[in-house]
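Please look at the sequence and the structure before reading on.

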Amino acid sequence: MGRAEELPDRVRLARLHGVATSYEPSPGRTVHVGDETVVAVLAALGVDASTPRAVRAALEAYTREASRSLLPPTVVWRPGRPPGRSRPPDLARPPDPARVTPFSPASDLSGLPEGTELRVETGEGRTYELPPGSWDGPPSSTPHGPPRKPPSSAASYGTSASAPYASGAKAGTGRAPEGDEEDEAPGDRYRPPLGVHALHARAPDGRTARAHLVVAPDRMPAPPERTHGFMVQLYSLLSARSWGMGDLGDLADLAAWSGRTLGSGFLQINPLHAAVPGAPTDPSPYRPSSRRFPDPVHLRIEDIPEFTRLAGPARARAQELLARGGRLREAALRPDGRIDRDAVWALKKEALELLYEVPLSPGRRAAYEDFLAEEGRSLEDHATWCALAEVYGPDWRAWPAGLRDPRSAHTARERGALHRRVDFHRRLAWLTDQQLAAAQRAARDAGMGIGLVHDLAVGVHPTGSDTWARQDAYAAGMSVGAPPDAFNSRGQDWGLPPWRPDALADAGYAPYRDLLRGLLRHTGALRIDHVMGLFRLWWVPEGRPPTEGTYVRYDAEAMLSVLALEAHRTGTTVIGEDLGTVEPGVRDALAARGVLGTSVLWFERDYDRPEHPPLPPETWRRDCLATLTTHDLPTTAARLTGDHTALRHRLGLLDGPLQEERAAERAEVGGWLVWLRALGLLPGRTAGIEDLPGASWGRPVTPSGETDVFPEDVDTFGRDPEGPEEEAADPDALREPPDELRGPGSGPGPRGEPDGLTEAFGNLPRVPDDGFEDMPLTEGPWSEEEKRLTEGPGPEEKSRLVEGPGSAPGEADAGPRATPEEVDALFGRYGGSDAFRAALGEEADAFLGGPDEEAAVAALHRYLLRTPARMIGIWLPDAVGDRRPQNLPGTSDEYPNWRLPISDPDGRPLTLEDIAASPRLRRLMRALTEE
């Protein structure tokens, strides 16, 4: 297809609008998208492609508009990609599947007629004349350019889109450099500052144009240092003060404790977006009403200053609500307890209505009015929607016709009639914002370099606040999902309407910028769920199965540049959830812009080798958040013990027979145990691997007389390749596994005598069989060693958690060295064979048949520390041995998704106080400091 006319008109039209007519789910396999899908998706973009005549008319209209337009709706300018150097692609040629952004219209000014005059106006009235060729270079790296009075003709060109952005972090973070006008180079007089401005063009033939100009840095801010932190679903973290679910007071407390006691650098939480109201509320934090504002259900009522000023009957009623909240907490903390979000919100809403009647003090009134002015129309729309939903229900599509338009006269009248309810919901947004700010301050005051890591869901509920207020920005009749793949042959439909890429560009990405500004107010890092959505999303026409969807392209250059600009403004690190099927080139593009990836241990494998062995830790990417699991995956204890397979079997979710699923699971776990022993991270002996013919195993004998087996054919990866080699007087001592990781029964003496954990940590109080109630964790007398463990790692030990591999003084290699060729020989010789899989299964059975699951969890976390990952995430339920997943994909009512408190290995719910005092958590964190 060398000429444009060889492409069918509909295919050509679809490509012009970023709609795929085919895609490659795997290399060498092409799937063609049906015409009905293409027509439906184009219609959602405002393009009629229903008939050949309509297609030709749409192509002609596109050509006419392109010939008249001097500028695209939005232009992006950054140092690494000046807008004058791009070149449009040959649209007649099929796109290169290896290139994720074949063309970014927002970064291309190469087609401007020679002699075109360009001028930039900022919100502060500064003007930058751009002589020909100046846009081929980088923009200013500072937030402000030299002040220049606009020329007298400026009035004919309009005004700026927005004010320039101040450089540097928001108050209290101090992580981004501040700009200084006096430091600008002379050439900066032609280079606009970072921010969003108005770009004006005048061609020699008299044509004029105006566009939004986004001037952005190349990269997102990097994390301040290598660090570790907990990951938790906030609702699951109940304390002795919670009203039946975790709240922002609990968040601040967990941040303060983990930062000060454990040296944690961050605390990642689930999305706190506002949910769609009404009972039953959708409990998923990933399908909200609004991503722009947080949900007031997370408020700690007693921490609101007006609570102490309640008097008379209002105070008595508040105390009754407080007591009822305590009963909800007790119910959730029973062994079979569930979090009842609707009941929690009913109590909190009534309490907040009591507090609303308490007049604000002059200072708080001034702060509230500042918040209203700063949030502007976005908050007004959200609060109006909340008030209208109380009267007409949560689905705005079923409201009276006049109220479906947020700008209609009917809506204005109703807003006036409901002005107190509108102000009530504005007040709730302010109170929630204040407590979020307090939680981030607590994290930073505790020494966290990052603090809170907020989570951005991939989309919003179709009936919620965001879609009502920004209807023009969403594609009506479409839903985001995923195409069929090896894990889900039917594809996925997430029920989330997608943003229209053309509407975003026309608005200068204002909806996206507004969203990011709200999220980044009180955070040190932002996790973006399904970050591949910045490049393309799978659109599913309403009423059709996910298999009948197609990809729609977004301008990733613009999306990433807006993200970089907002992140730079607040000094925020950005983490992309890039798991699953990822388009070729996306991870490289994200890394080039400074977006950290997400690496989950179970998926980090060498898929070019037989049996797909785990990647050696030092070969992992550096720019990532490394972790063992996520909210959508089994807890590590459940994966190791097989509990998650048994659960899926009970719910009918297994793809194959139970016996086959268990065998595959046992083989995977057994393989990991072999690797962990090879690295010296795990003690014990193998059960079946050493019996394979030709397998050479080193078998040093321990003082107990047992054989600790380390495969000679597996390299002891993880030591600093540039660090000094340690010599030991006794070579066999290097093979001895660390004492602190010995599970019960693996140390000297018969089972029942003091084990390795006891010897390493002293005689800590044991968890009684009936729970934590009788464990004396706060009363003495205690030995100095017991006090040190209760208080957590000291400053020197905390530093080991962030310095990375080889940082511990005197670190010794616990296993024999082997070459990669020897690793290949082992897996190549037996990989895929029944004998190999059976041997790995025996390995898993022998180790996990006893009480050694805790040691394996600790070893896997130490494995993460041997990677170069900049952030190490510890799933808080993993730290206490929880075996229940927070969310089980593929279920709704069959499993209590998003409604379980954190629990111990026996399913007994734990409070924040229990977690902070957990011997198991302390042993895990101690093991990490030893690494």
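## Salt bridges and nonpolar cores

Glu353 counts as partly exposed because its relative accessibility is 28%, a value that lies between the 20% limit for buried residues and the 50% limit for exposed ones. The model discussed here is predicted. Arg421 is likewise partly exposed, its relative accessible area being 24%. Glu353 and Arg421 form a salt bridge in which the closest N and O atoms are 3.2 Å apart. This pair links distant parts of the chain, for Glu353 belongs to helix α6 (residues 341-356) and Arg421 to helix α9 (residues 419-445), 68 residues apart.

A further salt bridge joins Arg527 to Asp455. Are these two residues buried or exposed? Both Arg527 and Asp455 are buried. Here too the pair connects distant parts of the chain: Arg527 is in strand β15 (residues 525-528), while Asp455 is in strand β12 (residues 451-456), 72 residues apart.

Arg622 and Asp623 also meet through their side chains in a salt bridge. Arg622 has a relative accessibility of 48% and therefore counts as partly exposed. Asp623, with a relative accessible area of 27%, is partly exposed as well.

| Salt bridge | N to O distance |
|---|---|
| Glu353 and Arg421 | 3.2 Å |
| Arg527 and Asp455 | 2.9 Å |
| Arg622 and Asp623 | 3.7 Å |

How many salt bridges does the structure hold? The total is 53. Some charged residues are joined in a network of salt bridges, which links Arg292, Glu374, Glu375, Asp433, Asp514 and Arg521.

The largest nonpolar core has 84 residues, and the members that touch the most others are Leu71, Tyr512, Trp539 and Leu563. Helix α13 (residues 556-570) supplies the largest share of this core, namely 9 residues.

Which residues does Tyr512 contact, leaving aside its neighbours within four places in sequence? Tyr512 is in contact with Trp499, Leu534, Met559, Val562 and Leu563.

Technical notes. Residues numbered from 1 in each chain as written. Predicted model: local features only at pLDDT ≥ 70, side-chain atom pairs only at ≥ 80, totals over all residues. Heavy atoms only, no water. Core = buried A, V, L, I, M, F, W, Y, C linked by side-chain atoms within 4.5 Å. Buried < 20%, exposed > 50% of the residue type's maximum accessible area, 1.4 Å probe, protein only. Helix = DSSP H or I, 4+ residues; strand = E, 2+ residues; numbered from the N terminus. Contact = heavy atoms within 4.5 Å. Salt bridge = Lys/Arg side-chain N within 4 Å of Asp/Glu carboxyl O.
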